[in-house]
Amino acid sequence: MQAHILIVEDEPAIRDMIAYALRTQDYQPVCAQDAKEAHEAVANRIPDLILLDWMLPGVSGIDLVRRFRKEPNTRDVPIIMLTAKGEEADRIAGFEHGADDYVVKPFSARELLARIKAVLRRSRETEEDGSIEIGALRLDANQQKLLINKESVHLGPTEYRLLHFMMGHCNRVYSRNQLLDFVWGGSSEIEDRTVDVHIRRLRKVLEPFKLDGMIETVRGAGYRFSAVQSKS
Ligand code: CA
């Protein structure tokens, strides 16, 4: 099935370049030049993925990410941000508000297509019963079990829930507070530090397989499960 991809970008030259590149891969591009057109496009048809420019006239990219994440229709649609060079703070803010990935301008069509492919693949990783498989890791929802390279690995129930949440929201950064909300259900008696403890335990489980790097610490922001281990 052809993926429908919404491009939200105010610069016609970039928009056209992206649309052209998408068509060469049999994706169906839909173009919007601002937030208003983006909302109209989404109302017309929910896209499989959204490419979102950071610097838009009127409503900014970050506001738009926030809105898309709030609306039930677009809550789970993957978003790739198109950012200008060196806007590290913007990128962190983007992840915090629910973007899935970003590409830095100027980017090549090839680079963009590779990211799109990766993000679309990830969004299809969660199976109907809630099992998730990413790389060597498989979380079996039926047995509530972690398998690494098909080998069963012991995981405590909290670690299981934490890993399940993080694998299901791959490449997004979550703050300790957000993880407490989503994984622990926002109980106020639990301290932020609890998250660090369980993250450490998870890494210990992954360490013998050299996969502990998949759980990244994002300085000043929180934690992220990365489908591709960082090279640094
Ligand atoms: Ca722009």
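These legends walk through a few close-up views of a predicted model.

**View 1. Strand E4 sits inside.** Here's E4, residues 79-83: five of its five residues are buried, so the strand is largely enclosed by the rest of the structure. Ile79, Met81 and Thr83 point one way, while Ile80 and Leu82 point the other.

**View 2. E4 and its parallel partners.** E4 pairs with strand E3 (residues 49-53) in the parallel sense, over four bridges, and Leu52 stands opposite Met81. Strand E5 (residues 101-104) also pairs with E4 in the parallel sense, again through four bridges. There, Val103 is the bridge partner of Leu82. Follow the chain from E3 through helix H3 (residues 61-70) to E4 and you've traced a right-handed β-α-β unit.

**View 3. The buried face of helix H7.** Look along H7, residues 176-184, for Leu179, Leu180, Val183 and Trp184, which are buried. Seen down the helix axis, the buried residues of H7 fall within an arc of 105 degrees, so they line one face. They pack against helices H6 (157-168) and H8 (192-206), plus strands E10 (173-174) and E12 (222-225). Just past the helix, Gly185 takes a positive phi of about 75 degrees.

**View 4. A three-stranded open sheet.** The strand order is E10-E12-E11, with antiparallel pairing. E10 and E11 (215-218) are at the edges with a single partner strand each, so one side of each has no neighbour in the sheet. Helix H6 packs on this sheet, touching E10, E11 and E12, and its direction makes about 70 degrees with that of E12. Two bridges join E10 to E12, and Tyr174 stands opposite Tyr223.

Technical notes
Residues numbered from 1 in each chain as written. Predicted model: local features only at pLDDT ≥ 70, side-chain atom pairs only at ≥ 80, totals over all residues. Heavy atoms only, no water. Buried < 20%, exposed > 50% of the residue type's maximum accessible area, 1.4 Å probe, protein only. Arc of directions from axis to C-beta. Contact = heavy atoms within 4.5 Å. Pairing = 2+ DSSP bridges. Axes fitted to C-alpha atoms, helices over the stretch in contact; angles between N-to-C directions. Right-handed = clockwise from strand over helix to strand, strands pointing away.
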